[in-house]
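Read through the structure below with its charged side chains in view.

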Amino acid sequence: MESWRASAACRNVDPDLFFPVGTGAPALVQAEEAKEVCRRCPVRRACLRWAMDDSRQVTGVWGGLREDERRSLRRRLRRTAHESHST
């Protein structure tokens, strides 16, 4: 287990909160509730890095981002890296 998890704000929160089902209003509200937990988390960046780089999580809220937000961030990071290598 990663050492950052011991300091995570979500460690005592029901994990189901971070895995909303569907894309409708109830799921969006649930995702926002999960993200609120993430906003006060001291290890948010480590969690996001783990979800994006180490484990390639495709579902759930990790590091304060939903899966679609992580995909978008990944695309932006690739584009930025590509642009910096092109110059």
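In this predicted model, Arg66 and Glu69 form a salt bridge, with their closest N and O atoms 3.5 Å apart. Glu69 also forms a salt bridge with Lys35, where the closest N and O atoms are 2.8 Å apart. Lys35 counts as buried, at 8% relative accessibility.

Another salt bridge joins Glu36 to Arg39, the closest N and O atoms being 2.9 Å apart. Glu36 and Arg39 are 3 residues apart in helix H1, so about one helical turn separates them. Glu36 is partly exposed, with a relative accessible area of 44%, and Arg39 counts as partly exposed at 44% relative accessibility. The whole structure has 6 salt bridges. A network of salt bridges links Glu32, Lys35, Glu36, Arg39, Arg66, Asp68 and Glu69.

In soluble globular proteins, nonpolar side chains tend to be buried together. Here the largest nonpolar core has 17 residues, of which Trp4, Phe18, Val43 and Val61 touch the most other members. Helix H1 (25-39) and helix H2 (44-54) are the elements that give two or more residues to this core. Leaving aside residues up to four places away in sequence, Val43 touches Trp4, Ser7 and Ala8.

How many disulfides are there? The count is 0. The cysteine sulfur nearest to that of Cys10 belongs to Cys41, 6.1 Å away, whereas a disulfide requires sulfur atoms within 2.5 Å. Cys10 is partly exposed, with a relative accessible area of 32%, while Cys41 counts as buried at 15% relative accessibility.

Definitions and conventions:
Residues are numbered from 1 along each chain as its sequence is written. This is a predicted model: local features need pLDDT of at least 70, side-chain atom pairs count only at pLDDT 80 or more; totals for chains, interfaces and linings use all residues. Side-chain values use heavy atoms; hydrogens and water are left out. A nonpolar core is a set of buried Ala, Val, Leu, Ile, Met, Phe, Trp, Tyr and Cys residues joined through side-chain atoms within 4.5 Å. Buried means under 20% relative accessible area, exposed over 50%, partly exposed in between (1.4 Å probe, protein chains only). Helices (H or I, at least four residues) and strands (E, at least two) are DSSP runs, numbered from the N terminus. Contact means heavy atoms within 4.5 Å. A salt bridge is a side-chain nitrogen of Lys or Arg within 4 Å of a carboxyl oxygen of Asp or Glu.
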